[in-house]
Amino acid sequence: MKKTRSLRLILGDQLSPDISSLDNISLAEDVVLMCEVKEEATYVPHHKQKLAFIFSAMRHFSADLQDNGINVDYTKLDDLNNTGSFSGEVKRALQRYKCHKIIVTESGEWRVLQMFKNWRKTFDVEVEIRPDTRFLCSIEQFKQWADSQKQLRMENFYRYMRKQTGWLMDNGKPLGGKWNYDNANRKALPKTISVPVRKPFEIDRIKQDVMDLVARRFPDNPGEIKPFNWAVSREQAQTVFKTFINTYLENFGQFQDAMKTDEDFLYHAVISPYINTGLLNPREVCEAVLKAGKKKSLPIETIEGFIRQVLGWREYVRGIYWLKMPEYVESNTFDANRPLPGFFWTADTDLFCLHQSIKASLNNAYAHHIQRLMIIGNFALLTGLTPEAVEEWYLSVYADAFEWVELPNTHGMVLYADEGLLASKPYAASGAYIHRMSDYCQHCDYNVKEKNGQNACPFNYLYWYFLDKNRGRLSQNQRLAMPYRTLTKMTKDKIKMVRKDANAFLSGLK
Ligand code: DLZ
């Protein structure tokens, strides 16, 4: 008899009811395979909460599929026969179910896609790899856009996507007259404002089992498992998103770049882990924000700021990743080679802004984008930390981090290690920026107003040291014309002091 059964593999970041690998599934015949495997759990030292979030979300998703009459074969990490890899689990399932075909949605990561392609040679069955239709721009469409461009700038891609979707458009022109309201997204938080507290979810049976598993199997991984406040099902993720719309959205735009001591989430949506694992769909969140903006007459900078992150940045970095992998990782613009300091894993540093941002990352498996870019990333850039180590850290600690999104953001935007392919200038800043955007400096042992000497904020002299050291590469960059004019006017003695302070600081960095 002819075999007609398909094996449909669903990965831990493909937890969407409309994932293409489930299209035209036969409830009578087909089997969905989901597996917790050591290979994925250990390819970087994932934060404990990231592991618990992904495994819990996978188990909930499997239960939801089964409630809908779908046949799911689910391997838990601790199952005795678990081979520890996708390939091993697929092989076992093929033998168990006598399938004639594997169906899978293309993976988010290049490494895993190579594995899928290899299966065409190693398994004696057809392997159908379907496009991931959850993105708003396909890989093919991005390539076509890229071919039409001299430079691959996010802003131009974003405008293209605004035209494609018609979002925030008015007769072919940007709504409100401007494409980008980034300038209006940079207000510092007033002292008196208090951010509404977020309600945690209850720890259900699935979460508790998984938290116990992670605590037992990964005791030395970064971060703490508790408090575990992540939503782990589509229903819970929708609740988080609705709360964002009703409670936080109206202030999100103006305070997008603000930072405040011990306020780890401020007005951010904190939905990136849910979109990146598939619990929420990027189109649905954008449409809901557009609708709320109209209904509540919210300021354009709020709505545009949100749409820019999801329709612009998120789709753009994914496009860059698939356009440039696997070579993308190889460049290292500044030949940066300093090892990651130990405090990245403990937050034990006397630079208060860095302490706050790393502490937030380790406590929550999350930090908002300005902490990631302008505090932790800025420090990594200015001190010349090795790109590979910084990238592994970002991929490990954040619950939303999968290589397709982490790598361009870290390699390109944070470290400018891609020779400026992604960012038009390095995101380098002195203490003045941190002081303007946060209240961190007032709690810090260093003095942000001092430029040199033992008490001076290290970001101050490290910033000028970075520009001085990289004159050859950066001084012709138009976007850096102003700081280079200042640097040119600096006296020799002043530059000597900058170099001395920076070298003393860097030699003490462990
Ligand atoms: C991140 C992750 C982890 C930690 N564990 C699993 C797992 O056990 N099983 C699984 O299907 N997916 C996991 N993931 C997500 C995968 O790493 C992700 O799907 C691939 O990197 C492809 O993007």
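**Between the domains, then the sheet**

Mentor: Let's start with a salt bridge: the side chains of glutamate 106 and arginine 318 meet there, at 3.4 Å from N to O. Keep in mind that this is a predicted model.

Trainee: And how many salt bridges are there between domain 1 and domain 2?
Mentor: The count is three. Eleven residue pairs are also in polar contact across that interface, both residues at pLDDT 80 or more.

Trainee: Which elements give two or more residues to the side of domain 1 that touches domain 2?
Mentor: Those are α1 (38-42), α2 and α4 (110-122). The largest share, ten residues, comes from α2.

Trainee: What area is buried between the two domains?
Mentor: About 2400 Å² is buried between domain 1 and domain 2, and carbon and sulfur atoms give 64% of that. On the domain 1 side, Lys48, Phe53 and His60 lose the most area to domain 2, together 24% of what that side buries.

Trainee: New topic: what's the strand order in the open sheet?
Mentor: The five strands run β3-β2-β1-β4-β5, with parallel pairing. At the edges sit β3 (72-75) and β5 (126-130), each pairing on one side only.

Trainee: How many bridges join β4 to β5?
Mentor: Five bridges join β4 (residues 101-105) to β5.

Trainee: Where does α2 pack?
Mentor: Helix α2 (residues 48-67) packs on the sheet, where it touches β2 (31-35) and β3, and its direction makes about 160° with that of β3. Helix α3 (residues 86-97) packs on the sheet too, touching β1 (6-9), β2, β3 and β4.

Note on methods
Residues are numbered from 1 along each chain as its sequence is written. This is a predicted model: local features need pLDDT of at least 70, side-chain atom pairs count only at pLDDT 80 or more; totals for chains, interfaces and linings use all residues. Side-chain values use heavy atoms; hydrogens and water are left out. Two strands pair if DSSP finds at least two bridges between them. Helices (H or I, at least four residues) and strands (E, at least two) are DSSP runs, numbered from the N terminus. Contact means heavy atoms within 4.5 Å. Axes are lines fitted to C-alpha atoms, for helices over the stretch in contact, and angles run from 0 to 180 degrees between N-to-C directions. Buried area is the accessible area (1.4 Å probe) that two parts lose on being put together, summed over both. A salt bridge is a side-chain nitrogen of Lys or Arg within 4 Å of a carboxyl oxygen of Asp or Glu. A polar contact is a pair of N or O atoms within 3.5 Å; within protein, one must be able to donate a hydrogen and the other to accept it, and residues adjacent in sequence count only if both atoms are side-chain atoms.
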